[in-house]
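Please have a look at it below before reading on.

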Amino acid sequence: MLAPTTTRFEDNSTQEGYSFVFYCDKCGWQWQSGYMPFQPQGFQLPIDEAIFGMLWSLQHREAYESANREAGVIFNRCKVCGARFCDDCLLHAQLLTCGDCLENK
């Protein structure tokens, strides 16, 4: 599984579906992924527990990776320290540098 885009994130997934929250490494601003419902993939409910677990895990991984890739577009990466931050924390758009790194230059 891919490492999370930001240092802090939450997995708010349930048995019914998948949702993730990613936080700006600088200010804590949060971005929540779209909700993705669990899909029984042609199996009629109720599904055997083992089959449900397998399907849920596969879909969870896909949902996380999709949300994580989207978060990678939402959050900017500081070219100096590598932290991920929101547009409000982007102090120098052309350099893509966070305020801490810009101040330490």
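How many aromatic pairs does the count come to? Rings of Phe, Tyr and Trp (its six-membered ring) pair if their centres lie within 6.5 Å; planes under 30 degrees apart count as stacked, over 60 as edge-to-face and the rest as tilted. By this rule there are seven aromatic pairs. One of them joins F9 and F22, and because the planes of these rings stand at 20 degrees, with centres 5.7 Å apart, the pair is stacked. F9 belongs to strand 1 (residues 9-11) and F22 to strand 3 (residues 20-23), so this contact ties together parts that are 13 residues apart in sequence.

A word on how to read the model: it is predicted, so local features need pLDDT of at least 70 and side-chain atom pairs count only at pLDDT 80 or more, while totals for chains, interfaces and linings use all residues. Residues are numbered from 1 along each chain as its sequence is written, and side-chain values use heavy atoms, with hydrogens and water left out. Helices (H or I, at least four residues) and strands (E, at least two) are DSSP runs, numbered from the N terminus.

F9 also pairs with Y64, this time in a tilted arrangement, with 5.8 Å centre to centre and 45 degrees between the planes. Since Y64 lies in helix 1 (residues 49-74) and F9 in strand 1, the pair ties together parts that are 55 residues apart in sequence. F9, F20, F22, W31 and Y64 form one aromatic cluster.

How accessible are some of these residues? Buried means under 20% relative accessible area, exposed over 50%, and partly exposed in between (1.4 Å probe, protein chains only).

| Residue | Relative accessible area | Class |
|---|---|---|
| F9 | 30% | partly exposed |
| F22 | 0% | buried |
| Y64 | 4% | buried |
| G53 | 28% | partly exposed |
| R61 | 42% | partly exposed |

G53 is part of helix 1. Its C-alpha atom is separated by 9.4 Å from that of Q15, 38 residues away along the chain.

Now for the charges. The charged end of R8 sits over the ring of Y23, 3.7 Å from the ring centre; the rule asks for NZ of Lys or CZ of Arg within 6 Å of the ring centre and within 35 degrees of the ring normal. The whole structure holds one salt bridge, that is, a side-chain nitrogen of Lys or Arg within 4 Å of a carboxyl oxygen of Asp or Glu. R61 and E65 form this salt bridge, at 3.3 Å from N to O. Because these two residues are four apart in helix 1, about one helical turn separates them.
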